[in-house]
Amino acid sequence: GETKYVCKDRRWFKDYEQDEDGSILHMGNESTAPILGRGSIVLIFSSGKSICLKDVLHVPGIRKNLVSGSTLST
């Protein structure tokens, strides 16, 4: 299935649950990275508006945080 949110920085998580099942993230370039946990992150925009993203995967091995574009346009 498709994952909408991935974050590399543990400090961004508002709440967090460590994954202990050895899950991995499969990326478009056919590489993989371990998923260390999941939780919620609050994004605060320069306009002052905020959005809470739930079920965000914690994957330190990615280069950039990933958020679904359709989420940000709502």
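Modeller: Buried means under 20% relative accessible area, exposed means over 50%, and partly exposed lies in between (1.4 Å probe, protein chains only). Take D9: its relative accessible area is 18%, so D9 is buried.

Colleague: What kind of model is this, and how are residues numbered?

Modeller: It is a predicted model: local features need pLDDT of at least 70, side-chain atom pairs count only at pLDDT 80 or more, and totals for chains, interfaces and linings use all residues. Residues are numbered from 1 along each chain as its sequence is written, and side-chain values use heavy atoms, with hydrogens and water left out.

Colleague: How many helices and strands are in the chain?

Modeller: The chain has 1 helix and 7 strands. Both are DSSP runs, numbered from the N terminus: a helix is H or I with at least four residues, a strand is E with at least two. Along the sequence the pattern reads β-β-β-β-β-β-β-α.

Colleague: What makes an open sheet here, and in which order do its strands run?

Modeller: Two strands pair if DSSP finds at least two bridges between them. Here 5 strands form the open sheet, in the order β2-β5-β6-β1-β7, with mixed pairing. At the edges are β2 (13-18) and β7 (66-67), each pairing on one side only.

Colleague: How do you know that β2 and β5 pair?

Modeller: Count the bridges. β2 and β5 (residues 37-44) share 5, in the antiparallel sense. The definition asks for at least two, so they pair.

Colleague: What makes D9 and R11 a salt bridge?

Modeller: A salt bridge is a side-chain nitrogen of Lys or Arg within 4 Å of a carboxyl oxygen of Asp or Glu. In D9 and R11 the closest N and O atoms are 2.8 Å apart. That is inside the limit, so the pair counts. R11 itself is exposed, because its relative accessibility is 72%.

Colleague: How many salt bridges are there in the whole structure?

Modeller: The search finds 3. Another one joins R38 and D19, with closest N and O atoms 3.2 Å apart. R38 lies in strand β5 and D19 in the loop between β2 and β3, so this pair ties together parts that are 19 residues apart in sequence.

Colleague: What else does D19 touch or contact?

Modeller: Contact means heavy atoms within 4.5 Å. Leaving aside neighbours within four places in sequence, D19 is in contact with I35, L36, G37 and R38.

Colleague: What makes the D19 and R38 side chains a polar contact too?

Modeller: A polar contact is a pair of N or O atoms within 3.5 Å; within protein, one must be able to donate a hydrogen and the other to accept it, and residues adjacent in sequence count only if both atoms are side-chain atoms. D19 and R38 are joined at 3.2 Å, so they meet the distance limit.

Colleague: Where does D55 come in?

Modeller: D55 forms a salt bridge with R38, the closest N and O atoms being 3.2 Å apart. D55 lies in strand β6 (residues 50-58) and R38 in β5, so the pair ties together parts 17 residues apart in sequence. D55 is partly exposed, because its relative accessibility is 47%. D19, R38 and D55 are linked in a network of salt bridges.

Colleague: Why is N29 called exposed?

Modeller: Its relative accessible area is 59%, so N29 passes the cut-off for exposed. N29 sits in the loop between β3 and β4 (32-34). Its side chain makes a polar contact with the side chain of S31, at 2.6 Å.

Colleague: How many disulfides does the model have?

Modeller: The rule is a pair of cysteine sulfur atoms within 2.5 Å. The count comes to 0. As for C7, it counts as buried because its relative accessibility is 2%. C52 is at 35%, so C52 counts as partly exposed.

Colleague: What share of the chain is buried?

Modeller: Buried residues make up 30% of the 74 residues.
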